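Please consult the sequence and structure shown here before reading on.

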Amino acid sequence: MLVRLVYVSYAKTVMDDEEIAAILEKSNKNNRRDSITGVLLYSNRYFFQCLEGERTKVNQTYLRIANDVRHNKCVQIQYSDIDTRLFSGWAMEHVAFNGLADQLMLKYSETGLFHPYEFSAGQSLSLLTEIAESRQKLMPVKKSLFTWFSK
Ligand code: FAD
């Protein structure tokens, strides 16, 4: 059974490019092995991540992530059975916040800043859908996990 899990968390410290790259490298390796796809956004110490895949694999991955000392305050904001993936075929990728990202943030927040703890399940799904639909504008497409990264 396919599921989608979306959570938000808060980095223990401000993360630099190397620390994010290390997370992405490990995620890419493990997620390819487990046929998990998704997206990871990082901004202002907030993480917002969507994991899609087989239910047991997604649950195991989330348990590993939630126990990671590099962040805390993990809160699941969506967990649902799905018929299809939003992010099938997405690669690990760094994309800086840009005009489109700013527009999306303004659309989904009162302040225009990235405060994902305030997202409802519906808002998070809408945001993810827009990111998936906008991927051609946001980045060169690779495979399996896309990361939208800003400081
Ligand atoms: P190893 O890489 O061998 O790690 C062993 C232990 O060391 C684990 O407990 C690990 O958390 C810890 N560790 C490793 N590096 C560091 C470090 N630099 N600082 C502190 N502790 C460290 N993993 C995925 O598989 N898929 C994902 O999509 C994914 N997304 C993530 C998103 C975020 C925001 C974060 C913070 C981590 C994410 N991770 C992801 C990493 C995950 O938390 C685990 O570290 C990883 O899955 C463990 O892989 P492993 O079993 O091969 O153990």
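An oxygen atom of the ligand lies 3.2 Å from an N or O atom in the side chain of arginine 70, where a polar contact is a pair of N or O atoms within 3.5 Å. Taken alone, the ligand exposes 920 Å², of which the protein buries 65%; accessible areas come from the Shrake-Rupley method with a 1.4 Å probe. This is a predicted model, in which local features need pLDDT of at least 70 and side-chain atom pairs count only at pLDDT 80 or more, while totals for chains, interfaces and linings use all residues. Residues are numbered from 1 along each chain as its sequence is written, and side-chain values use heavy atoms, with hydrogens and water left out.

- A polar side-chain atom of arginine 64 is 2.8 Å from an oxygen atom of the ligand.
- For asparagine 31, an N or O atom of the side chain lies 2.9 Å from a nitrogen atom of the ligand.

**Shell around the ligand**
- The ligand is surrounded by 16 residues (a heavy atom within 4 Å), and the closest are Lys26, Ser27, Asn31, Arg64 and Asp68.
- By class, the shell holds six nonpolar, six polar and four charged residues; Asp, Glu, Lys and Arg count as charged, and Gly is among the polar ones.
- Helix H1 (17-34), strand S3 (46-54) and helix H2 (55-66) each supply at least two shell residues; helices (at least four residues) and strands (at least two) are DSSP runs.
- H1 gives the most to the shell, with five residues.

**Helix packing**
- H1 and H2 pack at an angle of about 160°, with their axes 11 Å apart; axes are lines fitted to C-alpha atoms over the stretch in contact, and angles run from 0 to 180 degrees between N-to-C directions.
- H1 is therefore roughly antiparallel to H2 (angles over 145 degrees).

Technical notes
Polar contact = N/O pair within 3.5 Å; in protein donor to acceptor, adjacent residues only side chain to side chain. Parallel < 35°, antiparallel > 145°, perpendicular 65-115°, else oblique.
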